[in-house]
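Subject: Structure for you to look at

Hello,

Here is the structure I said I would pass on. Please open it first, then read the notes below.

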Amino acid sequence: MLYLIGLGLGDATDITVKGLQAVKSCSRVYLEAYTSILTVGKEALEEYYGKQLILADRDLVEQGADEILKDADVTDVAFLVVGDPFGATTHSDLVLRAVNAGIPYRVIHNASIMNAVGCCGLQLYNFGETVSVVFWTETWRPESFYDKICKNRAAGLHTLCLLDIKVKEQSIENMMRGKKIYEPPRFMTVSQAADQLIQIVQRRRRREEEGGELGVTEDTVCVGLARLGADDQIIRTGTLRQLVSCDLGGPLHSLVVTARLHPLEVDMLRVNAEPEALQHLRMIDSSTYTS
């Protein structure tokens with residue numbers, strides 16, 4: 001049996017009782033180590049679970065899945081995922097490989113950023129497509145995530161932005177030379193994501209063909225989230241401009257770009273708001289606000 005087990009968002013104790021029982025019954029336990037991180041390290045998990053963990057990086061999961069599935073038809077193997085097992089499409093591929101190999105599988109769910117984001121006060125059914133915001137380089141500065149945010153806002157829907165994680169990444173030079181030398185881990189902050197969005201807004205504004213109203217501006221109300229689910233989680237409501245200068249501490253960070261707001265959502269956003277963060281809200285009708 002292959003178990004795909006969600007670990008939740010905080011620390012070792014966030015695993016469910018059902019998940020922990022499954023881990024203890026397995027002969028091998030893999031810890032997926034590239035789509036997200038917990039606030040504690042591998043050693044803390046091993047101590048709490050009473051099991052040795054095998055780190056599964058992107059190469060192992062995407063190219064060496066057969067190693068993970070080895071003998072899973074006759075023994076129990078666990079694949080641990082921070083958050084919920086299906087927060088990343090990579091893990092659907094692992095399930096399909098198991099099915100094709102005739103290996104039974106079981107999923108044990110847990111909290112993920114996809115539902116825990118509701119703690120910021122925005123109603124989950126008012127969210128549109130989730131987007132990923134990637135680190136820019138000198139030669140690669142995609143803007144597709146901005147267009148998706150604007151599409152959501154045009155439909156009145158909030159956007160959850162998952163911020164880039166660079167773990168076990170190689171420089172182009174080392175990759176070309178075939179050297180297994182990896183760059184230090186990098187985790188995008190709310191400040192960096194807000195800055196990239198503002199740069200896009202400013203570029204779009206300068207374009208003569210843009211015309212009309214921008215889908216997002218520096219005064220759009222957003223929510224910065226840091227270490228959601230941990231004891232020291234931070235939620236900060238501010239304009240996009242304000243969040244550029246907000247330091248929310250260590251990883252992981254997420255960003256929400258709001259759209260149409262119910263008065264109850266506005267009241268909840270005010271709980272964690274920066275000074276004057278909501279002053280640019282305008283009323284569309286008696287029960288709807290927007291920025």
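Which residue just after H7 takes a positive phi? Glycine 156 does, with a phi of about 80°. Please keep in mind throughout that this is a predicted model.

**Overall picture**

The chain has 11 helices and 14 strands. Its C-alpha atoms fill a box of roughly 60 × 45 × 35 Å along the principal axes. For 291 residues, a compact globule would have a radius of gyration near 19 Å, and the 21 Å of this chain agrees with that. Of the 291 residues, 46% are buried. If you take the contacts between residues at least 6 apart in sequence, 72% of them join residues at least 24 apart.

Strands of a sheet pair through backbone hydrogen bonds, either parallel or antiparallel. Here, 5 strands form an open sheet in the order E3-E2-E4-E1-E5, and the pairing is parallel. Strand E3 (54-56) and strand E5 (105-108) are the edge strands, each pairing on one side only. On average, neighbouring strands of this sheet are turned by 25° against each other, direction ignored.

Leucine 2 has tyrosine 105 in E5 as its bridge partner.

**Helices with a buried face**

In helix H2 (residues 42-49), the buried residues include Leu45, Glu46 and Tyr49. These cover an arc of only 100° around the axis, which puts them on the same side of H2. The face turned away from that buried side carries the exposed residues Glu43 and Glu47. Among the elements that cover the buried residues of H2 are helix H1 (17-25), strand E2 (28-32) and E4. After H2 comes glycine 50, with a positive phi near 70°.

Helix H7 (144-154) can be read in the same way. Its buried residues are Phe145, Tyr146, Ile149, Cys150, Asn152 and Arg153. Seen down the axis of H7, they fall within an arc of 160°, so they line one face of the helix. Exposed Lys151 and Ala154 sit on the face turned away from the buried side. The cover over the buried residues of H7 includes E6, E7, H9, E12 and E14.

In helix H11 (residues 263-271), Glu265, Val266 and Leu269 are buried. They lie within an arc of 100° when seen down the axis of H11, so they line one face of this helix. They pack against strand E10 (221-226), strand E11 (234-239) and strand E14 (288-290).

In soluble globular proteins, nonpolar side chains tend to be buried together. The largest nonpolar core in this model has 28 residues, and those with the most contacts inside it are Phe145, Tyr146, Cys161, Leu163, Leu197 and Leu255. At least two residues each come from a set of elements that includes strand E6 (131-133), strand E7 (159-163), H10 and strand E12 (253-257). The most comes from H9, with 7 residues. A second, separate core has 19 residues, including Tyr3, Ala12, Tyr49 and Leu53.

What does leucine 163 touch, if residues up to four places away in sequence are not counted? The answer is Val133, Met188, Thr189, Val190, Ala193, His253, Ser254 and Leu255.

**Backbone details in the loops**

- The peptide bond from proline 251 to leucine 252 is cis, with omega near 0°. Leucine 252 is placed in the loop between H10 and E12.
- Aspartate 71 has a positive phi near 65° and is a residue other than glycine. Its place is the loop between helix H4 (65-69) and strand E4 (77-81). Its relative accessibility is 41%, so aspartate 71 counts as partly exposed.
- Glutamate 276 also is not a glycine, and its phi is positive at about 65°. It is in the loop between H11 and strand E13 (282-285). With a relative accessible area of 57%, glutamate 276 is exposed.

Regards

Terms used: Residues numbered from 1 in each chain as written. Heavy atoms only, no water. Pairing = 2+ DSSP bridges. Helix = DSSP H or I, 4+ residues; strand = E, 2+ residues; numbered from the N terminus. Axes fitted to C-alpha atoms, helices over the stretch in contact; angles between N-to-C directions. Buried < 20%, exposed > 50% of the residue type's maximum accessible area, 1.4 Å probe, protein only. Arc of directions from axis to C-beta. Contact = heavy atoms within 4.5 Å. Core = buried A, V, L, I, M, F, W, Y, C linked by side-chain atoms within 4.5 Å. Rg over C-alpha atoms; globule rule 2.2 N^0.38 Å.
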